[in-house]
Amino acid sequence: MTGFGKSEVHSGNKKITVEIRSLNSKQLDLAIRIPPIYREAEYEIRNMIAKTLQRGKVEVFISVETTETVPTAQINRDLFKAYVQQLNDAMEFAGLKAGADAIVPTVVKMPNVVTSDTQAVSEEESAAVVEATAQAVKALDAFRTQEGATLIADMLKRIDRIEEYKNMVIPFEKARTETIRNRIRENIASIGVEVDNNRLEQEMIFYIEKLDITEEKVRLTNHCKYFREVAASEEGAGRKLGFIAQELGREINTLGSKANDSDIQILVVKMKDELEKIKEQVLNIL
């Protein structure tokens, strides 16, 4: 969801610049800084951004520059002259002397001496603001798409590694079973208690079945397959990929709790490491 987009358009004697930045967020958090003269276009701009970007902490900066040296304020010369005359008369009446440096700052603050030449924004200029924003959003979306493709490719490699580690567990499973059987028999022999071998065998089978990890491996394989399908075929798959990653974590944790073998535990730790990196990157996916 992170990205940057920028656009510039010209309308008349004005250059309109739009910059958009986005960061990760569970929902759309949109902040727009726009010149007051373009406030009427803000609603349209917000709707356009929300429809395209959907999620993320988005900041929009819209600025305008005048490309010609045209004054934006006018001085009422007749009124200025009248105020100056009145001030001179008042100063003379009071027996005071003051130069232009003292009088001018006072005069320009008098009512209606300086007026702002604010003009209504034309439809063409308002459309230019919206168009500049649309171009910036398009640039940001292209940036996010490129970054997203890179992240998806990296996550799929990590999913492949998780499956590789899962397959590396298989050779240790049979050896683990024999190790557990031998350990139980050695413990019984060490205390010198006679047991019914048939009953002991039944109890050991029951115990070993509780440690069987076949079901976890099957579910782990299915979750990996589903992760690839969603990543390849769905738009806006970030949330769903996050849910799948949670399910992968549950199966890996259960596999680790049942492992009862140091070699399998090492592989479980490696799977968890890959999964944590996937979870971090999923937060960047829309």
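Student: Which residue in β4 is the bridge partner of K15?

Tutor: That's E65. Keep in mind that this is a predicted model.

Student: Which strands pair there, and in what sense?

Tutor: β2, residues 14-23, pairs with β4, residues 56-66. The sense is antiparallel, over 10 bridges.

Student: What holds paired strands together in general?

Tutor: Backbone hydrogen bonds, in either parallel or antiparallel pairing.

Student: OK, what's the strand order in the sheet?

Tutor: β1-β2-β4-β3. The sheet is open, has 4 strands and shows mixed pairing. The edge strands are β1 (3-11) and β3 (28-33), each pairing on one side only. From one strand to the next, the twist averages 15 degrees.

Student: Which strands does helix α1 touch?

Tutor: β3 and β4. Helix α1 covers residues 42-53 and packs on the sheet. Its direction makes about 145 degrees with that of β3.

Student: And α4, which strands does that touch?

Tutor: β1, β2 and β4. α4 packs on the sheet too, with its direction at about 155 degrees to that of β1.

Student: Let's stay on α4. Is K166 buried or exposed?

Tutor: Buried, with a relative accessible area of 8%. K166 sits in helix α4, which spans residues 123-191.

Student: What does K166 touch, leaving out residues up to four places away in sequence?

Tutor: K217, L220, T221 and M271. With T221 there is a polar contact between the side chains, at 2.4 Å.

Student: New topic. How many salt bridges are in the whole structure?

Tutor: A search finds 20. One of them joins E19 and R21, whose closest N and O atoms are 3.4 Å apart. R21 is partly exposed, at 37% relative accessibility.

Student: What about R219, which side chains does it meet in salt bridges?

Tutor: E215 is one, at 2.4 Å from N to O. E251 is another, at 2.9 Å.

Student: How far apart along the helix are E215 and R219?

Tutor: About one helical turn, because they are 4 residues apart in helix α6, residues 214-233. E215 is partly exposed at 49%, and R219 is partly exposed at 29%.

Student: And where is E251?

Tutor: In helix α7, residues 238-259. R219 is in helix α6, 32 residues away, so the pair links distant parts of the chain. E251 counts as buried, at 7% relative accessibility.

Student: Which residues make up the network there?

Tutor: E215, E216, R219, E251 and K258. Salt bridges that share partners join them into one network.

Conventions: Residues numbered from 1 in each chain as written. Predicted model: local features only at pLDDT ≥ 70, side-chain atom pairs only at ≥ 80, totals over all residues. Heavy atoms only, no water. Helix = DSSP H or I, 4+ residues; strand = E, 2+ residues; numbered from the N terminus. Buried < 20%, exposed > 50% of the residue type's maximum accessible area, 1.4 Å probe, protein only. Polar contact = N/O pair within 3.5 Å; in protein donor to acceptor, adjacent residues only side chain to side chain. Contact = heavy atoms within 4.5 Å. Pairing = 2+ DSSP bridges. Axes fitted to C-alpha atoms, helices over the stretch in contact; angles between N-to-C directions. Salt bridge = Lys/Arg side-chain N within 4 Å of Asp/Glu carboxyl O.
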